[in-house]
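Hi,

Here is the structure I said I would pass on to you.

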Amino acid sequence: MKIQQFFYGSDNLAYLLHHGGRALAIDGGAVEAILDYVRDRDLVLIGVTNTHGHGDHTSGTDRLVAASGAPYRDHRQFDDGEVIDLAGETITVRHTPGHTMDSVTFCAGDVMVTGDTLFNGTVGNCFSGDLEAFYRSIRLLMDRPESTRIYAGHDYVAASLAFARHLTPDNRAIDAYAARYDKHHVVSTLADELAVNPYLRFNQPDIIALLQSRGRPTETEYQRWEGVMSLE
Ligand SMILES: [Fe+2]
């Protein structure tokens, strides 16, 4: 399975997953660039879908559907675990509520398209208000193989690393992560995130010590998750 990342807006990221001449567009705001890519490679666009319903992610959907003739696939209609076939390779849709209740993540081979659930360096805001659902979603993504490459809905890397440095200034892994950052191809592995992203590091001694210094309970994993989500 191949993945192509497209930039649009100030920091939004759109994606095409493709294999065997068939492609799925996800958060297709970079309409012209996606159409060009599909045309140049003679791909058949088998669907246009979204990671969640926020307007900055759905802005290109109607235009892409109209211009390509590809079917719209409403992300809210996918069952958890539903499989999309692309010429014999598969994309599995997982429900990952938390940022919004309708957030989904597309898992394909060693790649995942996470929308605003998991970013490179941080996680999304919990606009749903359901912190427990968000915890289960992040746990689900954390349990994927560590080599999994994370393709998110925005490039928030600079601000995310600044905040990670603020919370954990002694974490040298942040320097290595920053050195690997490429603004023309924004990606990290799950291993990178487990080393750097404070919101995935709720079981690490430095984060637990930080939570304790702020008077937060740290006995259970969920308490530590609640704690990291409250850090300023
Ligand atoms: Fe969003």
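Below is what I found, one topic at a time. Keep in mind that this is a predicted model.

Let's start with the metal. The iron ion has four protein donors: His 52 through NE2, His 54 through ND1, His 99 through NE2 and Asp 116 through OD, lying 2.2 Å from the ion. Along the sequence, these donor residues follow the spacing H-x1-H-x44-H-x16-D. Two of them show how the site links distant parts of the chain: His 52 is in the loop between β4 (44–49) and α2 (55–58), while Asp 116, 64 residues apart from it, is in the loop between β8 and α4 (131–142). Are these two buried or exposed? Both His 52 and Asp 116 are buried.

And what is the arrangement around the iron ion? It counts as irregular, because the angles subtended by the four donor atoms run from 91 to 168 degrees. For reference, four tetrahedral donors would ideally give 109.5 degrees.

Next, the inside of the protein. The largest nonpolar core has 25 residues, and Leu 17, Ile 84, Ile 91, Phe 106 and Val 113 are those with the most contacts inside it. Quite a few elements give two or more residues to this core: strands β2 (12–19), β3 (22–26), β5 (82–86), β6 (89–95), β7 (104–108) and β8 (111–115), plus helices α5 (157–167) and α6 (173–180). There is also a second, separate core of 21 residues, with Leu 118, Leu 141, Met 142 and Val 228 among them.

Setting aside residues up to four places away in sequence, Ile 91 touches Met 1, Leu 17, Leu 24, Glu 82, Val 83, Ile 84, Leu 86, Phe 106, Cys 107 and Ala 108.

Then there is a helix pair. The axes of α1 (residues 31–40) and α3 (residues 61–68) come within 10 Å and cross at roughly 35 degrees, and the crossing is right-handed. On the α1 side, the contact is made by Val 31, Ile 34 and Leu 35; on the α3 side, by Arg 63, Leu 64, Ala 67 and Ser 68.

Last, a glycine. Gly 98 sits in the loop between β6 and β7 and counts as buried because its relative accessibility is 0%. Beyond its neighbours within four places in sequence, Gly 98 is in contact with Asn 125, Cys 126, Phe 127, Ser 128, Asp 130 and Phe 134.

Happy browsing!

Methods:
Residues are numbered from 1 along each chain as its sequence is written. This is a predicted model: local features need pLDDT of at least 70, side-chain atom pairs count only at pLDDT 80 or more; totals for chains, interfaces and linings use all residues. Side-chain values use heavy atoms; hydrogens and water are left out. A nonpolar core is a set of buried Ala, Val, Leu, Ile, Met, Phe, Trp, Tyr and Cys residues joined through side-chain atoms within 4.5 Å. Buried means under 20% relative accessible area, exposed over 50%, partly exposed in between (1.4 Å probe, protein chains only). Helices (H or I, at least four residues) and strands (E, at least two) are DSSP runs, numbered from the N terminus. Contact means heavy atoms within 4.5 Å. Donors are N, O and S atoms within 2.8 Å of the metal (3.2 Å for Na, K and Ca); water is not among the atoms, so sites may look incomplete. Four donors count as tetrahedral if all angles lie between 85 and 135 degrees; four count as square planar and six as octahedral if opposite donors are over 155 degrees apart and all others between 65 and 115; anything else is irregular. Axes are lines fitted to C-alpha atoms, for helices over the stretch in contact, and angles run from 0 to 180 degrees between N-to-C directions. A crossing is left-handed if the near helix is turned anticlockwise from the far one by less than a right angle, and right-handed if clockwise.
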